[in-house]
Amino acid sequence: MEKGEKIGANHYYKTKHGGAIYVENANMNGVVAGGGQIDNGLPKSTITNVYDNSESGNGVAYRLNHIIQAPQNSVYSILSDSVKYPQFTKFFDLCQIPSDVMTWAGIGAGNPQKQYTVFTAGGLGKNDRIVNFFNSYNYTVYAPDNDAMTIAHKNGLPTVDDLEALFNADYNNDERAEKEAKAKAFKMIQEITRFIRYHMQDNSVFADNKVASSAYQTACVASSGMFQKLNVSGGDGKLVVRDNYAIEHGQAGQTIQAGSTGKLVNCMTRDYTIESNAISTSSFAVIHEISRPLNYHENTERYDEEWKDNTPATQARLMRNWKSFLKAQSEGKKFY
């Protein structure tokens, strides 16, 4: 909140707890709710009294008839629910690169594979998972729906099936051909990982009445080693998101509208880490459904520029990239 601002100008507010709450009318009989109350059927909180001490500099206190309940759904539980949220099946499938494919492509088990793994053990219950690169903070996930993923795949973004086709191919004992395939698979895994990470940014930003315009850092790291950003603005219940390509080419970006029919917007989630049957730490995230993919590339709308022409020069470039990765890995260094 800005200095002097009172609750009510917006609907969503970040709390000292780290997550966010929803407020509908910050007066008597107004409603306050956390993610658990909005999405999990728990009773919402009603304001039963207002104690305004703002003139003396002590702010405003609200008496509620019910405690505020934090989100109980994780990012994984939303994206993996193909019954309730079938629009995310293609994006969720992309997040599931098999470990044996990564091993075949030269990515070692343990920490090396962790860099290319989206979900890891954690959460509430044995079937839950948490986002591997969240770190006890608040985030925004721009979840591409199946229409967005169709666009991305038409523009050359690989699928897990593409990786498995390389993995399962018969190379007839041709060692060079298999090494070239591994080098290509590694580059494809890099591209998939960057694509996914570019759709997850630091800071939870909601489609609301007022939105602070800013360039927000994503989890995507380009080959330069630099974290890539998204420009986000909005207001009047909207978010406007501009990716690297839109910024470079002066495009307007895409709009996310709160209350859009059939679209998941402002969905509050929480990834829990449980130790000794207690919450050790957690990360909060808001999910917005988008129908066009975000592109971290500045000068091309394609995701397969690094390998699509399949010329000897391309093969040589892929092999150099792969060998550089293997060398960095053997030295315990990260490779982007």
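I began with Asp 304, which forms a salt bridge with Arg 302, the closest N and O atoms being 2.8 Å apart. The model is predicted. Asp 304 is buried, at 8% relative accessible area. Arg 302 is partly exposed, at 27%.

I then searched the whole structure for salt bridges and found 8. One of them pairs Lys 263 with Asp 145, with 3.1 Å between the closest N and O atoms. Lys 263 sits in the loop between E13 and E14, and Asp 145 in the loop between strand E8 (138–144) and helix H6 (146–154), so the pair ties together parts 118 residues apart in sequence. Asp 145 is buried, at 3% relative accessibility. Lys 263 is partly exposed, at 33%.

I also noted Glu 331, in a salt bridge with Lys 327 at 2.7 Å between the closest N and O atoms. Glu 331 is partly exposed, with a relative accessible area of 41%. I checked for shared partners: Asp 145, Lys 263 and Glu 289 are joined into one network.

Next I looked at Asn 266, in the loop between strand E13 (254–257) and strand E14 (267–275). Is Asn 266 buried or exposed? Its relative accessibility is 8%, under the 20% cut-off, so Asn 266 counts as buried. Leaving out residues up to four places away in sequence, I listed its contacts, among them Tyr 12, Phe 206 and His 288.

I turned to the largest pocket. Its volume is about 720 Å³. I counted 29 lining residues; Lys 114, Gln 115, Arg 197, Lys 334 and Tyr 336 lie nearest the centre. The lining divides into 13 nonpolar, 10 polar and 6 charged residues.

I followed up Tyr 336, found in the segment after helix H10 (312–330). Tyr 336 is partly exposed, at 29% relative accessible area. Beyond residues up to four places away in sequence, Tyr 336 touches several others, including Gln 115, Gln 190 and Arg 194.

Last, I went through helix H7 (residues 160–168), where Val 160, Leu 163 and Leu 166 are buried. Down the axis of H7, the buried residues fall within an arc of 120 degrees, so they line one face of the helix. Asp 161 and Asn 168, on the other side of H7, are exposed. I asked which helices the buried residues of H7 pack against. They are H3 (89–94), H4 (99–104) and H8 (175–198).

Note on methods:
Residues numbered from 1 in each chain as written. Predicted model: local features only at pLDDT ≥ 70, side-chain atom pairs only at ≥ 80, totals over all residues. Heavy atoms only, no water. Buried < 20%, exposed > 50% of the residue type's maximum accessible area, 1.4 Å probe, protein only. Helix = DSSP H or I, 4+ residues; strand = E, 2+ residues; numbered from the N terminus. Arc of directions from axis to C-beta. Contact = heavy atoms within 4.5 Å. 1 Å grid on protein atoms, 1.4 Å probe; cavity = no way out; pocket = protein on both sides within 12 Å on 5 of 7 lines; lining within 4 Å. Points joined across faces, edges and corners; volume = space filled by probe spheres on them. Nonpolar A, V, L, I, M, F, W, Y, C, P; charged D, E, K, R; others polar. Salt bridge = Lys/Arg side-chain N within 4 Å of Asp/Glu carboxyl O.
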